[in-house]
Amino acid sequence: MLSPHVIAAVLWAVILGFAGGILTEIGPWYRGLKKPAWQPPDWLFGPAWTVILGLAGWAAVLAWDGAVDEAGRMTVIALFAANFVFHFLWSPLFFTRKRPDWALVEVPFLWASVLALAIGLRDYSVLASWLVVPYLVWVSFAAILNLVIVKLNRPFGQ
């Protein structure tokens, strides 16, 4: 039987991955945006996020197991809860509201939440901290891509 913290970590990753997929509409509006030549193909984003969120879920389990007291476990929960909120907000801003400019304003909060995971989990598991590094790299790349899309297509909301 799986431990509750393992189930929670799996749910964290699955909900974020599923919500991101549902809220990411690759339709005429998105296809009509000017994008840089170096943007990865659309099909790559789903598998990339699956691997990244899977690694982060594994990091959650390792950090939880490494926390020796309630305060440590609450820190792990707080770090992942904050990241959940900031991760969840990006897709609706960019795709549903069709506001890459608003998504760009939200990106630093998402990026900071991933950096906080990478730094904060280190006290509980060095491996957990390293498992979050691909997430940080991908969000950094996505932030630059978001910035370029905004520059190429502004203004929005007209």
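Colleague: Where is the place of Gln 39?
Modeller: Helices are DSSP runs of H or I with at least four residues (strands: E, at least two), numbered from the N terminus. Helix H2 covers 28–31 and helix H3 covers 42–66. Gln 39 is in the loop between H2 and H3.

Colleague: What kind of model is this, and how are residues numbered?
Modeller: This is a predicted model: local features need pLDDT of at least 70, side-chain atom pairs count only at pLDDT 80 or more, and totals for chains, interfaces and linings use all residues. Side-chain values use heavy atoms, without hydrogens and water, and residues are numbered along each chain as its sequence is written, from 1.

Colleague: Is Gln 39 buried or exposed?
Modeller: Buried means under 20% relative accessible area, exposed over 50%, partly exposed in between (1.4 Å probe, protein chains only). Gln 39 has a relative accessible area of 12%, so the residue is buried.

Colleague: Which residues is Gln 39 in contact with, leaving aside neighbours within four places in sequence?
Modeller: Contact means heavy atoms within 4.5 Å. With those neighbours left aside, Gln 39 is in contact with Tyr 30, Phe 45, Leu 145 and Ile 149.

Colleague: How many salt bridges does a search of the whole structure find?
Modeller: The test is a side-chain nitrogen of Lys or Arg within 4 Å of a carboxyl oxygen of Asp or Glu. Applied to the whole structure, the search finds 2.

Colleague: How far apart are the closest N and O atoms of Glu 70 and Arg 73?
Modeller: Both residues lie in helix H4 (residues 70–96), 3 residues apart, about one turn of the helix. Glu 70 is partly exposed at 48% relative accessibility, and Arg 73 is partly exposed at 21%. In their salt bridge, the closest N and O atoms are separated by 3.5 Å.

Colleague: Which residue forms a salt bridge with Arg 99?
Modeller: Arg 99 sits in the loop between H4 and helix H5 (100–120). Its relative accessibility is 15%, so Arg 99 counts as buried. The closest N and O atoms of the salt bridge are 2.6 Å apart, and the partner is Asp 101.

Colleague: What is the length of the polar contact between the side chains of Arg 99 and Asp 101?
Modeller: A polar contact is a pair of N or O atoms within 3.5 Å; within protein, one must be able to donate a hydrogen and the other to accept it, and residues adjacent in sequence count only if both atoms are side-chain atoms. For Arg 99 and Asp 101, the value is 2.6 Å.

Colleague: Which residues does Arg 99 touch, not counting those up to four places away in sequence?
Modeller: Those sequence neighbours are left out of the list. The residues touched are Leu 93, Phe 94, Phe 156 and Gly 157.

Colleague: What is the phi of Lys 98?
Modeller: Most residues other than glycine have a negative phi. Lys 98 lies in the loop between H4 and H5 and is partly exposed at 34% relative accessibility. Though not a glycine, Lys 98 has a positive phi, about 55 degrees.

Colleague: Are H1 and H4 roughly parallel or antiparallel?
Modeller: Axes are lines fitted to C-alpha atoms, for helices over the stretch in contact, and angles run from 0 to 180 degrees between N-to-C directions. Under 35 degrees counts as roughly parallel, over 145 as roughly antiparallel, 65 to 115 as roughly perpendicular and the rest as oblique. The axes of helix H1 (residues 4–23) and H4 come within 9 Å and cross at roughly 10 degrees. That makes H1, relative to H4, roughly parallel.

Colleague: Which residues of H4 make the contact with H7?
Modeller: H4 and helix H7 (residues 133–153) pack with axes 14 Å apart, at an angle of about 30 degrees. H7 contributes Tyr 135, Asn 146 and Ile 149. From H4 come Asn 83, His 87, Trp 90 and Phe 94.

Colleague: Which peptide bond is cis?
Modeller: Most peptide bonds are trans. Pro 155 is in the segment after H7. With omega near 5 degrees, the cis bond runs from Arg 154 to Pro 155.
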